Amino acid sequence: MKNVTLVIGASTNPNRYSNIAIKRLVDKKVKVVALGLKKGTVLGVPIDDEKIAYKNIDTITLYLSPKRQEEYYEYIVGLHPRRIIFNPGTENMEFIKRLKETTIESEI
């Protein structure tokens, strides 16, 4: 299935923006997969706690601080998404510069 969105930094806490994002994506009928520190579910979307080689990822939306993103650089690039969305507080010029060397778009 194409057009899958991966939420990195997913949380079961309903007050977290990653949780709100998952709910909005599900409401809009977007196929969502999620990766977080702890397993759980949000509106039927399982949150994985291990880096899985997801297929057909179109968009990755980040909810990790720039420092925490470092361990995900290779993983994210290896998923070959079309674009990465840096949500407020996740802006990371080092990673954005690296993405410019690939075909992956970045949005702030």
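In what order do the elements of the protein run from the N terminus on? They run β-α-β-β-β-β-α-α-β-α-β.

**View 1. The whole protein.** This is a predicted model, in which local features need pLDDT of at least 70 and side-chain atom pairs count only at pLDDT 80 or more, while totals for chains, interfaces and linings use all residues. Residues are numbered from 1 along each chain as its sequence is written, and side-chain values use heavy atoms, with hydrogens and water left out. The protein contains four helices and seven strands; helices (H or I, at least four residues) and strands (E, at least two) are DSSP runs, numbered from the N terminus. The radius of gyration of the protein is 13 Å, close to the 13 Å that the globule rule gives for 108 residues, so the protein is as compact as a globular protein of that length. This radius is taken over C-alpha atoms, and the globule rule is 2.2 Å times the number of residues to the power 0.38. The C-alpha trace spans about 35 × 30 × 25 Å along its principal axes.

**View 2. Surface and interior of the protein.** Of the 108 residues, 43% are buried, a term that means under 20% relative accessible area (1.4 Å probe, protein chains only).

View 3. Strands pair if DSSP finds at least two bridges between them. Strand E2 (residues 32-36) runs parallel to strand E4 (residues 45-48), and two bridges join them. Within this pairing, Ala34 has Ile47 of E4 as its bridge partner. Strand E3 (residues 40-42) pairs with E4 in the antiparallel sense, over three bridges, and here Pro46 in E4 is the bridge partner of Thr41. The hairpin of E3 and E4 has two residues between the strands, and Leu43 takes a positive phi near 50° in this hairpin.

**View 4. Surroundings of Thr5.** Thr5 belongs to strand E1 (residues 4-10). Because its relative accessibility is 8%, Thr5 counts as buried. Leaving aside neighbours within four places in sequence, Thr5 is in contact with Leu25, Val30, Lys31, Val32, Val33, Thr59 and Thr61, where contact means heavy atoms within 4.5 Å. For the protein, among contacts between residues at least 6 apart in sequence, 48% join residues at least 24 apart.

How values were computed: Buried means under 20% relative accessible area, exposed over 50%, partly exposed in between (1.4 Å probe, protein chains only).
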